[in-house]
Amino acid sequence: MALYREVAARIQQQIEDGLFAQGERLPGVRKLSNSMAVSVSTVVQAQRLLEDSGVISARARSGFYVTRQLTPVTELPAAGLSAGQPVPVTTGEVTLFLGQLSQQKDYTQLGFAIPHTDFLPMRALQKSLMHAVRQFDERAAGYTSPGGNAELKAQISRRMRFAGSEVDSDDILITGGAQEALTLALRCIAEPGDVIAIESPTYYGLLQAVESLGMKAIEVATDPAEGISLAALEMAARQWPIKACLLMPNFQNPLGAKLSDANKSKIIELSKAYDFMLIEDDIYGELSQTDQRPPSLHSFDHISDTESGRVMYYSSFSKTISPGLRIGWLISPPEYRVRLRHLKQILNLSSNSLAQLALTEYLQNGGYERHLRQVRLRYCEQVQRISQAVIRYFPEGTRISQPRGGYVLWVELVRNFDTLALCQRLFELNISIAPGQLFSANKHYQNCLRLNCAQPWDAELDKALLVIGREAEKLLPA
């Protein structure tokens, strides 16, 4: 990312945080140059970018002024819904169709939450792959151990400290992405027919995993800002023999919610009281809209001689480095580790050896932290731009989430709106969205949709959002 873009993103973040109010004059060029330790010309370029985006405007012989607040002025979507009882999960064909559309070059990809290559460190990754092939020809061509590459696990162990978790590298199991990690965790602690508590709405990949293993899901109301409702989870645990609770405490997909540290502690106590496991998906944990990486739920799980751990943690590099590498990891309490490695070996012997070697080389070179700093700012910028476009183009009464991290946006249209019908209409116009009912075992949220904001902003994307709004107007219920 060019330095002037970084400076623009920092000024934009300051405006969003309320440091500069709407109509307020920004500090002069030289003052900004000194405070941000950059050249005057860099500040001028950043101001031009913000002016082009409509964030600030110039006044003759006066300077630049904030023209609008960046945070969209809409009500948040309604909180999720709790279900009365567990139900078998059926995800249907729409999810598979969305996956197929993600490979279509001529589509505007707003449905599948895959980051565009512009947001990934592709050049650095290419160098690491070439290095792995040259330096580790035999290791790259063969199987690694079922547990994974030792050097990669050491790098992951180091990174887990940023999430507040002290983890020995031997405690880490390398997996074929986050989905395999989730499937292994579920297979290890539950059986077909068991009840799994899920956030509502939740990522449809979690629903697919529950469905594939013949388990039942019970939906627990989830707030678009605060995360899963502990009161609703406790009510479900009183009524049903919950085996595990699947949740995304940091920047939940699709809402972008973040569970507070206090509630992270409380939910672990709740799992002890009602004897169920917590399976933590932290795939967006490193994509905060600020430099502050929130602690994992796992970091609040204190194992002792008298108490076993309650959290199985998993994540992957799919959202930050490359989804095509298919490398994730799983961390569990000690009593599950032998069984997990056995299940992994039965499933596919080991994860991709070449990808593990390339990732190790990339992480050791120190470029990952620099990439994260840049991409966090870019995702924040994209979420804001798409949020503003939704407000501008979508029907009156539309509500949107205000994610604190990640890059997906949850959109709620008026009651009785059918986003599946909208989705089908947009397929014909080469635009993909994710209809809301995909995110519910009970097919709730038919008036909602999710947008993938990890797409570079250009005239084509702006036009696609205009088209979505126009088609939504046509489908408004009478």
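The model is predicted, so local features are taken where pLDDT is at least 70 and side-chain atom pairs at pLDDT 80 or more, while totals for chains, interfaces and linings use all residues. Residues are numbered from 1 along each chain as its sequence is written, and side-chain values use heavy atoms, with hydrogens and water left out.

Helices (H or I, at least four residues) and strands (E, at least two) are DSSP runs, numbered from the N terminus. Val220 has a relative accessible area of 1%, so it is buried; buried means under 20% relative accessible area, exposed over 50%, and partly exposed in between, using a 1.4 Å probe and protein chains only. Leaving out residues up to four places away in sequence, Val220 touches a list of residues that includes Leu81, Ser82, Ala197, Ser200 and Leu233, where contact means heavy atoms within 4.5 Å. Leu81 is 139 residues from Val220 along the chain, yet their C-alpha atoms are separated by 6.5 Å.

Ser200, one of those partners of Val220, belongs to strand S6, residues 195-200. Its relative accessibility is 0%, and therefore Ser200 counts as buried. The side chains of Ser200 and Glu219 are joined by a polar contact of 2.6 Å. Such a contact is a pair of N or O atoms within 3.5 Å; within protein, one must be able to donate a hydrogen and the other to accept it, and residues adjacent in sequence count only if both atoms are side-chain atoms. Beyond its neighbours within four places in sequence, Ser200 is also in contact with residues including Gly80, Leu81, Thr222 and Tyr445. The peptide bond joining Ser200 and Pro201 is cis, with omega about 0°, and Pro201 lies in the loop between S6 and helix H9 (204-212). Another cis peptide bond runs from Asn253 to Pro254, with omega near 20°. Pro254 is in the loop between strand S9 (242-247) and helix H11 (261-274).

Next come the empty spaces. Rolling a probe the size of a water molecule over the atoms shows where empty space is left. Here a cavity is a set of points, on a 1 Å grid over the protein atoms alone, where a 1.4 Å probe fits but cannot get out; lining residues have an atom within 4 Å of a point. Grid points are joined across faces, edges and corners, and a volume is the space filled by probe spheres set on the points. Two cavities of 30 Å³ or more turn up. The largest has a volume of about 130 Å³ and is lined by 15 residues, with Glu286, Arg293, Ser315, Trp329 and Tyr368 nearest its centre. Helix H7 (150-160) and strand S11 (311-316) each give at least two residues to that lining. The lining of the largest cavity has seven nonpolar, four polar and four charged residues; Ala, Val, Leu, Ile, Met, Phe, Trp, Tyr, Cys and Pro count as nonpolar, Asp, Glu, Lys and Arg as charged, and the others, Gly among them, as polar. The second largest cavity holds about 40 Å³, and its lining includes Val89, Thr90, Leu207, Gln437 and Lys443.

Helix H13 (residues 353-364) has 12 residues and reaches 17 Å from its first C-alpha to its last, close to the expected 16 Å, which is 1.5 Å times one less than the number of residues. H13 is largely enclosed by the rest of the structure, because 10 of its 12 residues are buried; among them are Ser353, Gln356, Glu361 and Tyr362. At the start of H13, a side-chain oxygen of Asn352 comes within 3.0 Å of the backbone nitrogen of Leu354. Just after H13, Gly366 takes a positive phi of about 85°.

Ala37 has a phi near 55° and lies in the loop between helix H2 (29-36) and helix H3 (40-52). With a relative accessible area of 70%, Ala37 is exposed. For Asn416, phi is about 70°, and its place is the loop between strand S14 (408-412) and helix H15 (419-427). Asn416 counts as exposed at 66% relative accessibility.

Key. On a 1 Å grid over the protein atoms alone, a cavity is a set of points where a 1.4 Å probe fits but cannot get out, and a pocket is an open set with protein on both sides within 12 Å along at least five of seven lines; lining residues have an atom within 4 Å of a point.
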